[in-house]
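Subject: Structure handover

Hello,

Here is the structure I promised to pass on. Please open it first, then read my notes below.

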Amino acid sequence: MRTAVGKPDRLAILLITTAEAAARLYPAPSAFDIAPPILCLGQSCDLDELASTLEAIGYVPDDRVDEPGEIALRGQVIDAFPADAGEPFRIEVQDCAISSIRPYDPVTQLTTGECRSLEVGRAQEPELGEGVPLLEHLPGAALVFDPGADDRRKRFLRLAADAGRRRPARALPDICSDERWCAAMIAHEVLQIGEDVGEPPPRFVEDRNPSGAFAGYARKELQAGNKLVLVGSPRDLRFVARRFEKLLKVAPEPVAAWQDVRRANAGSVLSLELPLTRGFRWRDIVAIAAGDLLGSRAQRGDEQSGTIDFDHFRIGEIKVGDVIVHEDHGLAVIAGLEALPTGEDAIVLRFATEARRLVPATEAHRIWRYGAEEGAVTLDKLDGSSWEKRRQEIDRTIAESARALVTLTQERLKETAPVLEPESAAYERFAAGFPFTETVDQIRAIEAIRSDLASGKPMDRLVIGDVGYGKTEVALRAAAVAAFAGKQVVLAAPTTVLVRQHLETFKSRFEEAGIVVAGLSRLSTPAERKAVIAGVQDGSVQVVIGTGAVAGKGVAYQNLGLVIVDEEQRFGAADKAKLRGLGAKHVLTLSATPIPRTLQQALVGLQQLSIIATPPARRQPIRTSVTSFDEQLVRTALLRERSRRGQSFVVVPRIDDMAGMAEKLRTLAPELNIHEAHGKMPAAEIDEAMVAFAGGDGDVLLATNIIEAGLDVPRANTMIVWKADLFGLSQLHQLRGRVGRGARRGQIYLLTEAGREIAPRTMSRLQTLQAFDRLGAGFAISARDLDMRGAGDLLGEEQAGHVKLIGVDLYQHLLEQALRSVRGEGVDDWTAEINIGASGRFPESWIADEDIRIGLYGRLARLRDKQELESFEDELADRFGEPPAEAQRLFVRARLQIAAKAANVQRVNAGPTAIALSFQPGAKPPGENKRLVEMNGRWLLTGDFEDEVIRTQSAEELVTELAGD
């Protein structure tokens, strides 16, 4: 904007901003005099001068440029990652002129293309200094206020002042006071425009009778000759249009664009796909947003609702060296791939005594990953004799478990619970206090919880969301439903730090609603504890947040409606039993990495399940490294973080390790300000140290794993875990979630003692964390933990259970089959046999890595429908390029197999003169198909199918027709 204002021949500038932005102070206009550089091919360039310019606008020199805001100068090349770009660029200079500008991959560091010009935007705002109002950046500009904008600005000022009183150390330094704003406005003309803009429609959802209020308002507007247009997402429009038609006996007419609305006749009722959160009035057009009717239930944007995607829990694909279970032959090890004479690949399985069996890749669905290391198991004999007896025992025990689970589920279905429906207006006002836009997964979880609480049945829902993905807001909405329905709420958290953070958040959000929130933990004084206990007994305290103390002796609730358990994996079984025994019929459990038993209960249906898989905006994956301790690496990592104004954690496994590590850190980097926190410190000291660090005090927090839950430090981007082999997988993932919570990418170093031999299973645990370094990896880590440890007997307390005999994948599959059988549902566990003479494979020339090919064969064999297969084909084409003929034949065979199962065709045999179909017992071709002739129990289509391509196409067309696709 500074550059645009300074141009003598510039066009008029229109700045659209928010009330909140107007309430802040900004660096003076002169602070922006250094214009972000625009680089072009052939332009003269001094790289040292360019580097200095970039540093002046906030770029940080680094050895490796792989995240926004970094630069690296090496000879005649400078790497830069523009803060406003999606990828870094490499600029090369020859003879004092730019010779190339090439984007590159931040992971591989290899260039990916070329471009002719590049604008490198600011990476950092200039220092605030004394700060000026936003108006000073556009001197003489006229001002226009949206209705209510100034009230919103003043509300922001009140919230900022309140936050400053609560946490003075974190008070915002850049607030533009009302007096200063008003003084700046004197030099600006305020225009009154918008005569054509009238009062927007009311927010019907906050009325006691939303449908009645909506119908009355719509009739009045139509009678006045105005046009009504419903706006929202496709899903919401379908819902609102049906409601409109039912209330007013008029079906809204869908239109494609705003111009169609303007051209419509007076009194028209229209609908337009436009994801607005609020309606508006312009001239004779009244736009009513789906959010006006549905409130927080309305979708944002074009996000589509959907069911839970259990692929989040898909354990890693099988590969060479994995221990697997073959359904018919038992435990073996994958030895590789081998070509068969038919032209297809076979997966080579190695059994006891080095015996081998070749399993066609098309039968990979019968192979299940076991999860243990080869040295920890005894492989089965090739003849299946050792496996058969064990398999019979497994089938029997799984059938017993299924019957018990179904009985338990049926008993739960008979139970009743209070119907919790909040007062609509109060709840919608509370929901509107969330300062961010909910992700689609948050919306689904919130709506599922609201439905559970209003169902009249006990809720037992598990919400899984990675660290920092918004589970707290889901808990707040659940608490609001219960509190506004007149019930008390308990939120239990495992640490006092997490309790303190929840307490601040809940108090802030519930303050305007008049809901009393109180804390109960070991930090509570005797007087505070006594007052809270009295409050929960007489009902004056509606929300209680604490550690296990919320279920302690002498704590009795007057009208408890909901118990929320945060970080459930940190509570023991006895503590969770106490919390469930408080008397609330509704229980909500939150976790990033649930313990295996909890996850298994959700997957088999004993608990309802919601998944929050959508990361917050700008969140980046945390880079994970596994290596031995290196003094130079530690020093460089900590000083690098400090140089970019960030903070670091150093985590040790035991309190005894604290002193030695503290001394080592002070020797390596004496310039660092180091704080300490561990379990033997008084609770109040731990709390103060951690909260002070979160507030920006100190460069490094040296701590034990007490920081793994609840500490939100937005500036912390680096973590060093010493003796990482002594931590559990879930602990390490929770620790990793403490860094990279802002816009910068986090880095965690998992360090082991140099020269110390690490057990293979332990190293596998560390490598799992390194492999699952993407956003949302908590799901995969929970599944891998389930894979490594077993879910345990679901009805008992054993953590190993029968899963140890066959691995979690096959156990899960057999249990689902048994549950369907006990419920009387059809068990559809069969695969059509395809014999058409055309074989296919994934050739090495297309996919060179054998492990990848084995994993893809396993995935292909388990695809369930045409849509999944199409997505799979698209994925492979994107990853490896256009599929060759051999792969195309494999896809055709898979399509034929899927269609055959849908048509109840058990076997497809195709030869030069006929295609023969064998149907499942009791099935036959639907309707009359004159092309098929029955012969000896098979249905034949005769013809000239000598050509392999014609034969394959004819078989696919026939079976697809029978399947009704």
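Arg366 is partly exposed, with a relative accessible area of 23%. The areas themselves come from the Shrake-Rupley method with a 1.4 Å probe, and for residues only the protein chains shown count as cover.

Before going further, some ground rules. This is a predicted model, where local features need pLDDT of at least 70, side-chain atom pairs count only at pLDDT 80 or more, and totals for chains, interfaces and linings use all residues. Residues are numbered from 1 along each chain as its sequence is written, and side-chain values use heavy atoms, with hydrogens and water left out.

Salt bridges

Which residue does Arg366 meet in a salt bridge? The partner is Glu327, at 3.6 Å from N to O. A salt bridge here is a side-chain nitrogen of Lys or Arg within 4 Å of a carboxyl oxygen of Asp or Glu. The pair links distant parts of the chain, 39 residues apart. Arg366 sits in the loop between strand 19 (356–360) and strand 20 (367–369). Glu327 sits in the loop between strand 16 (323–326) and strand 17 (330–339). Helices (H or I, at least four residues) and strands (E, at least two) are DSSP runs, numbered from the N terminus. Glu327 counts as buried, at 11% relative accessibility.

Side chains of opposite charge can pair when their charged atoms come close. Over the whole structure, a search finds 46 salt bridges. Here are some others.

Arg350 pairs with Glu354, with 3.8 Å between the closest N and O atoms. Arg350 counts as buried at 18% relative accessibility. Glu354 is exposed, at 56%.

Arg391 and Asp395 also meet in a salt bridge, 3.1 Å from N to O. They are separated by about one helical turn, because they lie 4 residues apart in helix 10 (residues 385–414). Arg391 is buried, with a relative accessible area of 16%. Asp395 counts as partly exposed, at 35%.

A buried helix side

Look next at helix 5 (residues 178–185), where Trp181, Ala184 and Met185 are buried. They cover an arc of only 105 degrees around the axis, so they lie on the same side of helix 5. That arc is taken from the directions from the helix axis to the C-beta atoms.

Contacts across the sequence

Ile324 is in strand 16. Ile324 counts as buried, at 0% relative accessibility. Its C-alpha is 4.4 Å from that of Arg369, though Ile324 and Arg369 are 45 residues apart in sequence.

Leu349 is in strand 18 (residues 345–350). At 0% relative accessibility, Leu349 is buried too. Leu349 and Leu382 are 33 residues apart in sequence, with 9.5 Å between their C-alpha atoms.

Ile655 lies in the loop between strand 29 (647–651) and helix 19 (656–668). Ile655 is partly exposed, at 27% relative accessibility. From Ile655 to Ala703 the C-alpha separation is 8.3 Å, across 48 residues of chain.

Positive phi values

Two residues other than glycine deserve a look. Lys249 has a positive phi, near 60 degrees. Lys249 is in the loop between helix 7 (234–248) and strand 12 (253–255). Is Lys249 buried or exposed? Lys249 is exposed, with a relative accessible area of 68%.

Asn936 has a positive phi as well, near 55 degrees. Asn936 lies in the loop between strand 37 (933–935) and strand 38. Asn936 is exposed, at 76% relative accessible area.

A charged patch

Which residues form the negative surface patch? They are Asp944, Glu946, Asp947 and Glu948. Patches are made of residues with over 30% relative accessible area and no salt bridge; like charges are joined within 9 Å, and nonpolar side chains (Val, Leu, Ile, Met, Phe, Trp, Tyr) within 5 Å. Asp and Glu count as negative, Lys and Arg as positive, and His and the chain ends are not counted. Asp947 is partly exposed, with a relative accessible area of 40%.

Best wishes

Terms used
The place of a charge is taken as NZ of Lys, CZ of Arg, CG of Asp or CD of Glu. Buried means under 20% relative accessible area, exposed over 50%, partly exposed in between (1.4 Å probe, protein chains only).
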